[in-house]
Amino acid sequence: MPRYELALILKAMQRPETAAVVRRTVETLMERGAVVRNLENLGERMLPYKMTKHNQRHSRGTYFLVDFYCAPSILDDLLNHLHRDVDVVRPTVMKKEEQEPQSSCCAKTEL
Amino acid sequence: MRSLGTTVTLPVFTVVPELLPVRCQVKMLCVRKLQRLKAAFYLPRSTTHRSLTSAEVLPKDDALLKVGNPSRESKKGCVLCNVTVDFKNIQLLSQFVSPHTGRIYGRHITGLCGRKQKEISKAIKKAHSLGFMPVTHKYPEFMKDPRICSIKHLD
């Protein structure tokens with residue numbers, strides 16, 4: 001299965017509520033047959049620009065990164081679900097880039 | 001040992017091996033002296049020559065051989081040669097962005113190679129759309145970072 005990454009920005013909330021939203025999201029993923037590999041919390045910080053979502057203007061948010069494997073067919077449905085969630089400000093799913101061993105970048109030829 | 005044919009009379013100061021007959025010794029000395037003079041004028045080309053002259057080491061030739069070709073430029077890479085570019089690393093990405101407008105600097109300013117410039121550009125645009133990095137400005141805490149780009153600001 002291909003590997004994806006979900007960059008999740010949640011509304012600035014209290015800790016138990018944030019935990020509940022994360023739990024809800026991961027459960028949604030697992031229901032659709034995804035295998036969650038890693039979950040990172042990048043902390044709560046000021047958003048780079050004000051975002052409007054669900055008729056609310058957000059200036060602070062909590063960042064999460066979810067690494068998972070899933071079938072490509074479920075992504076559409078998953079994103080739809082995340083957009084409808086009131087506590088989620090910006091969900092983005094990207095394909096995980098494979099880190100290839102870089103072979104001598106900028107190798108200039110001798111004159 | 002090469003035999004030159006002509007006998008040259010030159011002042012002799014070297015130590016002579018005692019086992020050889022006198023005539024041979026003189027010829028050897030002459031040969032050696034001439035070869036030394038030869039070596040002083042031009043670099044030895046054939047390996048046989050080198051093995052003979054290395055016995056009496058001339059510091060000039062040795063230094064030249066060690067340095068190699070001085071007109072050859074050393075291989076330089078760009079600043080991000082062995083650095084992985086990630087959209088999460090906004091501090092790195094902010095170094096290639098204008099502090100006044102937040103615009104991405106071109107290749108002639110950043111000095112990056114083709115591949116890295118493309119990677120940086122893509123990562124910055126990704127970070128913009130994901131909501132990781134500001135679009136029209138730069139985070140104030142990154143303003144004091146070391147300047148990689150060769151652009152002069154009127155501060």
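Predicted model: local features only at pLDDT ≥ 70, side-chain atom pairs only at ≥ 80, totals over all residues.
Local features need pLDDT of at least 70 and side-chain atom pairs count only at pLDDT 80 or more, while totals for chains, interfaces and linings use all residues. Residues are numbered from 1 along each chain as its sequence is written, and side-chain values use heavy atoms, with hydrogens and water left out.

Student: How many residues does the contact take from chain A and from chain B?
Tutor: Contact here means heavy atoms within 4.5 Å. On that rule, the contact takes 25 residues from chain A and 26 residues from chain B.

Student: What area do chain A and chain B bury between them?
Tutor: Buried area is the accessible area (1.4 Å probe) that two parts lose on being put together, summed over both. Carbon and sulfur atoms carry 56% of it, and the total for chain A and chain B is about 2,000 Å².

Student: Which residue of chain B meets the side chain of Glu5(A) in a salt bridge?
Tutor: A salt bridge needs a side-chain nitrogen of Lys or Arg within 4 Å of a carboxyl oxygen of Asp or Glu. Across this interface the rule finds 2 salt bridges. In one of them, at 3.4 Å from N to O, the partner of Glu5(A) is Lys88(B).

Student: Is Cys78(B) buried or exposed?
Tutor: The cut-offs are under 20% relative accessible area for buried, over 50% for exposed and partly exposed in between (1.4 Å probe, protein chains only). Because its relative accessible area is 11%, Cys78(B) counts as buried.

Terms used. Chains lettered and ligands numbered in written order.
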